[in-house]
Amino acid sequence: MNYFEVEAAGRLHGEVRIPGSKNSSLALLAAACLADGIVTLEGIPEIDDVKVIGRIARDIGLSMQWTAQGELVLDPRYIHSAVIDPGKASSFRASYYFAGALLAKFGRVTVGFPGGDDFTSRPIDQHLKAFQALGAKVYAGEESYTVEAASLRGADIYFDTITSGATINAMLAAARARGTTNLYHAAVDPEVVDTAAFLNALGAKVYGAGTDRIRIVGVPYLDGGRHAVIPDRLIAGAFLMAAGMTGGVVTVRDVIPEHLGSCIAKLGEAGLELESRESSITAYGTEGVRAVRVRAAMYPGFATDLQQPMTALLTQAKGKSLVTDHVFPNRFNHVPQLRRLGAEIEVRGETAFIRGGRPLTGGWVHATDVRAGTCLILAGLAAEGVTRITGTEHIQRGYADVLGSFRALGAKITLQTGGRQEAALSSDCS
C-alpha cells in the first residue's frame with residue numbers, strides 16, 4: 001500500500017510553476033477527436049487521467065504521441081471506433097466528453113458511465129438533454145449509455161442548472177451539427193472558454209464563450225491545429241493556501257490571475273496578503289489566518305474544488321468559520337479525516353462549521369478524491385508529528401508532480417510503499 005508521509009517543516013517559502021489545467025485538458029483531448037487533421041496541444045499535464053485517455057485512444061484508433069518538448073500530438077484521422085470501454089470510462093468522470101466529440105463523426109457512440117455510477121449519484125442528465133435537443137436518441141444500459149443520431153441539427157438548449165461539463169459537451173456536439181445552436185444558462189468557467197478557443201482554432205464557429213449565452217454555427221469540417229491549455233487555477237489556489245497554512249511566502253507562476261479572482265479575494269479576507277502580477281501571484285501568510293465564511297459556487301464564485309483545501313486552512317484560524325458548498329452539498333468526505341488529526345469540525349447539511357485554532361496532530365488519514373488529498377497534505381504540513389495519507393492514486397490523478405512541487409517550497413513529503421494495519425484502517429471515514 002502506498003501512502004504519502006508528511007511532516008511539519010515550518011514556513012514554506014519559494015515558487016511553483018503551475019501546470020496546464022486538468023479539467024481543461026480532459027475536454028481538449030476528447031475535443032481533438034472532432035478534427036480532420038493533426039492536433040498539437042501544449043501544456044497537457046502528465047497525470048493519471050491523461051494516461052487513461054491514452055489507453056482509450058489506443059482502443060479507438062486515436063494516435064497520441066509526446067514530443068521531446070513536452071507537447072502532445074494527436075492524429076484523429078484514423079479513429080475507427082466510437083465505443084469507449086466501460087472499465088476505462090469509469091476511471092474518470094470526464095469520459096463523457098467522448099460522446100459529444102465522436103457523435104457527429106460516427107452517428108453512434110457508446111460510453112461507460114462516469115465514475116462507474118448511475119444517473120442519480122453522478123448525474124449527466126444535462127449532457128443527455130443537450131444531445132436529445134440536437135436530435136439524438138439516448139439508450140441507457142447497466143454499465144454504459146449509447147447516444148445515436150443519423151444527423152445532428154442546431155437547436156436552442158436551456159440548461160436547468162449551470163454546468164461546465166454539459167456546456168462543453170454541448171459545444172462539442174454542436175460544432176459539427178447542421179445549423180445554429182444557442183446555449184442558454186451556460187457555464188462561464190475558464191475551461192469553457194479554453195475549449196471554445198481550441199475549437200475555433202480548428203475552424204469551428206463558437207461565439208460568446210465566457211457569457212451565459214453561447215452560439216455555435218455548425219461546420220462540416222474541422223482542420224488540425226495547435227493550442228496551449230490554460231494554467232490550472234485550482235492547483236494554483238491550493239499552493240496559495242499553503243502559504244497561509246504554514247505562515248510562509250509562496251509564489252505561483254505561469255498563472256492567469258483573473259481566473260483566481262474569488263480565491264484571491266477570500267484569502268485576503270482570511271488575513272493573507274496577496275500580490276498579483278501579469279502571470280504570477282505571491283501569497284504572504286505571515287500575519288496569521290482569520291476566521292471567515294466561504295460559500296462555494298459556480299465560476300466566478302469560489303470554486304467547489306477549493307473548498308476542501310480552504311477547510312484545512314481555516315483549521316488554523318482562531319474563531320468560528322463556515323464553509324458552505326452549494327455546488328456539491330455532500331462534498332465533505334475530508335472532514336472526518338481532518339477530525340482524525342484533531343480538527344473540530346461539524347457538518348450540518350451543506351455547511352461545515354469549523355472551530356479553528358486547535359492544534360493538529362499527525363496520524364493516518366485517507367484521501368477520497370483529488371482535492372481531499374490536497375486538503376490533507378496541507379493539514380499535514382501544520383500538524384505535529386507525522387501525517388500518513390493513503391489514497392495516493394486519487395491525488396496523482398490531478399497532480400503530475402505533487403511531491404516535487406511541495407518539496408520545492410521546503411515541505412517534507414515523501415511517497416512510502418509498504419503495509420501497516422493502520423493504513424488499511426485509514427480508509428474508514430466514520
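Guide: Let us begin with L74, which is buried, with a relative accessible area of 0%. Please keep in mind that this is a predicted model. L74 is found in strand β5, which covers residues 72–75.

Visitor: Which residues is L74 in contact with, leaving aside its neighbours within four places in sequence?

Guide: Contact here means heavy atoms within 4.5 Å. With those neighbours left aside, L74 is in contact with L29, A32, G37, I38, V39, L41, L62, S63 and M64.

Visitor: How many residues of helix α10 are buried?

Guide: A residue counts as buried when its relative accessible area is under 20%. In helix α10, residues 304–314, eleven of the eleven residues are buried, and the helix is described as mostly covered. Among them are T304, D305 and Q307, as well as L313 and L314.

Visitor: And how many residues of α4 are buried?

Guide: Seven of the ten residues of α4 are buried, and this helix, too, is mostly covered. The buried residues are Y97, F98, A99, G100, A101, L102 and L103. Just after α4 comes G107, which takes a positive phi of about 80°.

Visitor: At what angle do the axes of α4 and α6 cross?

Guide: The axes of α4 (residues 97–106) and α6 (residues 164–175) cross at roughly 10° and come within 7 Å. Angles under 35 degrees count as roughly parallel, and α4 and α6 are therefore roughly parallel to each other. On the α4 side, Y97, A99, G100 and A101 take part, and they meet G165, I168, N169, L172 and A173 in α6. The residues of this contact divide into six nonpolar, three polar and no charged.

Visitor: I would also like to understand aromatic rings; how many aromatic pairs does the count come to?

Guide: Rings are paired when their centres lie within 6.5 Å, and by this rule the count comes to five aromatic pairs. Take F239 and F406, whose ring centres are 4.7 Å apart and whose planes stand at 45°, so the pair is tilted. This pair links distant parts of the chain, for F239 belongs to helix α8 (residues 233–246) and F406 to helix α14 (residues 402–408), 167 residues apart. F239 is buried, with a relative accessible area of 2%, and F406 is likewise buried, with a relative accessible area of 2%.

Visitor: Which residue lies over the face of F353?

Guide: R348 lies over the face of F353, at 4.0 Å from the ring centre. F353 has its place in strand β21, residues 351–356, and at 17% relative accessibility F353 counts as buried. Leaving aside neighbours within four places in sequence, F353 is in contact with several residues, including K320, S321, L322 and R348.

Visitor: Let us finish with S144; is this residue buried or exposed?

Guide: S144, found in strand β9 (residues 144–148), counts as buried at 18% relative accessibility. Beyond its neighbours within four places in sequence, S144 is in contact with P86, T110, V111, G112, F113 and Y139.

Key
Residues are numbered from 1 along each chain as its sequence is written. This is a predicted model: local features need pLDDT of at least 70, side-chain atom pairs count only at pLDDT 80 or more; totals for chains, interfaces and linings use all residues. Side-chain values use heavy atoms; hydrogens and water are left out. Axes are lines fitted to C-alpha atoms, for helices over the stretch in contact, and angles run from 0 to 180 degrees between N-to-C directions. Helices (H or I, at least four residues) and strands (E, at least two) are DSSP runs, numbered from the N terminus. Angles under 35 degrees count as roughly parallel, over 145 as roughly antiparallel, 65 to 115 as roughly perpendicular and the rest as oblique. Ala, Val, Leu, Ile, Met, Phe, Trp, Tyr, Cys and Pro count as nonpolar, Asp, Glu, Lys and Arg as charged, and the others, Gly among them, as polar. Buried means under 20% relative accessible area, exposed over 50%, partly exposed in between (1.4 Å probe, protein chains only). Rings of Phe, Tyr and Trp (its six-membered ring) pair if their centres lie within 6.5 Å; planes under 30 degrees apart count as stacked, over 60 as edge-to-face and the rest as tilted. A charge sits over a ring if NZ of Lys or CZ of Arg is within 6 Å of the ring centre and within 35 degrees of the ring normal.
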